[in-house]
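The sequence and the structure come before the details.

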Amino acid sequence: MLTQTVAGRTYDYDYNIGSRNMGMAIGVAFGAGDTVYVLSRQHEQLADVPWNKTAVLAKVGKYTVPDAPGGEELLIEFGQYGDGDGELIWPTGIAADSNENIFVSDEWLNRISVFNSSGEFLNAWGKSGIGGGEFQGAAGIAFDPDENLYVVDSLNHRVQKLGKDGMYLGQFGGFGTDDGQFNSPWGIEVDKDGFVYVADHKNHRVQKFDSDGQYVMTFGSFGTSNGQLNRPSDVTIDPDGDVYICDWANNRVQVFDKTGRFVTSLVGDAQEMAKWHKQQVQSNADVLKARRRVKSLEPEWRFALPVGVAFDQAKNRIVVADSQRWRIQMYRKVSGYVEPQYNL
């Protein structure tokens, strides 16, 4: 359904962007104007390296994403595979500060790398461990209104609060299933009032905390029905307080209101291929023929293990990192939508 109106809200499918360059898209951050940063990681065949047939490509792509499809453009890419300055091995989270510096977490290197908007490496901090400012599986990251950085420390089953320079400020959580405890948390978001939302991956829920780390409430429970989750990977909040949860293993994004009431699901509606994907298909006659022989193209429209979700406030746009399709899909939350009249 390209447009759905439910509970006083209208979600209108926008368009999608993807290509081989985007790889396994896992996270999104927004810059000024039409700028969108997409974090990706993928395995790629290396035919010219016989002793190592695959390698990991880990990078950030800076894109122009206009209001209408067709004008999208890849501006630059930065970050590459490795453990040196400005390099990444298994990046997981991405966030932009008010200066459009880009922060990227790496769950293999257990550090945060910082780049400017031109992709130049600025700084890195963090290491493996269980102390303050140390990580075991650095995952989702998000800034609060004061530009403190919250980092999901996944295998330590906690969230750490740090300064932009990595200075340790505090933490909350611990392993378990009780309120305020985690099992391998993944994504994170902070709303305009400073409340922190954590995708509690293996507990199949999202938990909300205040800025001091005190438990507030839970969204979702395990399952496949409306309002239920299976390994949630990320979460974001819009200015109205609606909560969008990347329901990873159920291949959808679930929408809740601020009270925890289920609103609707977004499942992916890419009935038109992304511009660069279309060019790839049309350039290969065998692929084009194979695609025309399938019984239905609907599986191509849908999300396949969506990993990241973010809300672009400037454009009222929900952006989903559709990891297995090598693309982002976008919906707009439309205000004042009026149903068409059919009895004219």
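## Aromatic pairs

The count of aromatic pairs comes to 16, in a model that is predicted. In one of them, the ring centres of phenylalanine 172 and phenylalanine 209 are 4.7 Å apart and the planes meet at 40°, so the pair is tilted. Because phenylalanine 172 belongs to strand β18 (residues 168–173) and phenylalanine 209 to strand β21 (residues 205–209), this pair ties together parts 37 residues apart in sequence. Phenylalanine 172 and phenylalanine 209 are both buried.

An edge-to-face pair is formed by phenylalanine 219 and phenylalanine 256, with 6.0 Å from centre to centre and 75° between the planes. It links distant parts of the chain, since phenylalanine 219 is in strand β22 (residues 215–219) and phenylalanine 256 is in strand β25 (residues 252–256), 37 residues apart. Both phenylalanine 219 and phenylalanine 256 are buried.

## Cluster and charge contact

One aromatic cluster is made up of Tyr37, Phe78, Phe115 and Phe121. Elsewhere, a ring meets a charge: lysine 208 has its charged end over the ring of phenylalanine 195, at 4.5 Å from the ring centre.

## An open sheet

An open sheet consists of 4 strands in the order β15-β16-β17-β18, with antiparallel pairing. β15 (138–143) and β18 are at the edges with a single partner strand each, so one side of each has no neighbour in the sheet. From one strand to the next, the twist averages 20°.

β15 and strand β16 (residues 149–153) run antiparallel and are joined by 4 bridges. Phenylalanine 143 has leucine 149 in β16 as its bridge partner.

Note on methods: Residues numbered from 1 in each chain as written. Predicted model: local features only at pLDDT ≥ 70, side-chain atom pairs only at ≥ 80, totals over all residues. Heavy atoms only, no water. Phe/Tyr/Trp six-rings, centres within 6.5 Å; stacked < 30°, edge-to-face > 60°. Helix = DSSP H or I, 4+ residues; strand = E, 2+ residues; numbered from the N terminus. Buried < 20%, exposed > 50% of the residue type's maximum accessible area, 1.4 Å probe, protein only. Lys NZ or Arg CZ within 6 Å of the ring centre and 35° of its normal. Pairing = 2+ DSSP bridges. Axes fitted to C-alpha atoms, helices over the stretch in contact; angles between N-to-C directions.
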